[in-house]
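Hello,

Here is the structure I promised to pass on. Please open it and keep it beside you while you read my notes.

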Amino acid sequence: MNKYIKLILASLTALTLSVGIAVAETKFGFGIIGSATEFTTVGSETEGPNGDSSDASEVTNATHSHDADYASFFIEYSGGSAGGMSIAVGIEHVPGDASIGAKSRTDADNGDDNTSEADTGTYTAKAEVSDFTTLYIEPGYMFNDYFTVYGKLGVSTLTVTSLESIANGSTSSTYGNDEIFGGMYGAGVKVSTPMGAFFKLEATVQEFESVTLESTTGNLNTIHADPEAESVRLALGWAF
């Protein structure tokens, strides 16, 4: 886990200990979040030792952005008092999976007489993310019983599955999967109602640690990627 993630974890611990639950009222809550997210992936593929001599050590760079709308569920424990500090600690999970970072290119045969290594064709590289779970904390200030402004810090984990379509030629590479961590930061506003329902509107950024996938076949290429997600999110919940 990189230094950025360790800093987020340390901040979560420090905030929890310093604020404690030294608030007038605490509640459990649950709900659903709708996110409009732009995923940006900056990556490269490095040609492995089994590539043609003309291509060996060749590095191909690419940047891809993908918009996605998805829903997630959360449960949290919160507390606060009007005109004072508030805090919420919770966990969020995104069910299902989503495709990110899809990119295609078309190559022509390199002219080698060995037809078994012919690499003419369209290559599609993309990844699927699943098991997306975030532990978060929201320190804030309650102006009154119904309106709160808060900051947000979190630590996320997710599984990245390679879904490449590159089976052209005998030296084509195939990649495995990886589980990565990320850090979340952002800010938002919360509006509560006397009936227990509440709404949150927030903007967040999630920066993930680098993904490295190494091919086990063909050219033994290596893929390196740095994904990031910027989101505008609306939550509807119920506290009791």
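Val149 lies in strand E5. Keep in mind that this is a predicted model. Is Val149 buried, exposed or partly exposed? Its relative accessible area is 36%. Buried would need under 20%, and exposed over 50%. Val149 therefore counts as partly exposed.

Now look at what Val149 touches. Leaving aside residues up to four places away in sequence, its contacts are Gly140, Tyr141, Phe143, Gly188 and Val189. Glu138 is 11 residues from Val149 along the chain. The C-alpha atoms of these two are separated by 9.4 Å.

**The second largest pocket**

The second largest pocket has a volume of about 420 Å³. How many residues line the second largest pocket? There are 26. Lying nearest its centre are Lys27, Met142, Asp145, Lys190 and Ser192. Strands E1, E2, E3, E4, E5, E6 and E7 each give two or more residues to the lining. By class, the lining has 11 polar, nine nonpolar and six charged residues.

**Asp131**

Next, go to strand E4, residues 121-142. Asp131 has its place there. Its phi is near 50°, a positive value in a residue other than glycine. Most residues other than glycine have a negative phi. Asp131 has 47% relative accessibility. The cut-off for exposed is over 50%, so Asp131 counts as partly exposed.

Best wishes

How values were computed: Residues are numbered from 1 along each chain as its sequence is written. This is a predicted model: local features need pLDDT of at least 70, side-chain atom pairs count only at pLDDT 80 or more; totals for chains, interfaces and linings use all residues. Side-chain values use heavy atoms; hydrogens and water are left out. Helices (H or I, at least four residues) and strands (E, at least two) are DSSP runs, numbered from the N terminus. Buried means under 20% relative accessible area, exposed over 50%, partly exposed in between (1.4 Å probe, protein chains only). On a 1 Å grid over the protein atoms alone, a cavity is a set of points where a 1.4 Å probe fits but cannot get out, and a pocket is an open set with protein on both sides within 12 Å along at least five of seven lines; lining residues have an atom within 4 Å of a point. Grid points are joined across faces, edges and corners, and a volume is the space filled by probe spheres set on the points. Ala, Val, Leu, Ile, Met, Phe, Trp, Tyr, Cys and Pro count as nonpolar, Asp, Glu, Lys and Arg as charged, and the others, Gly among them, as polar. Contact means heavy atoms within 4.5 Å.
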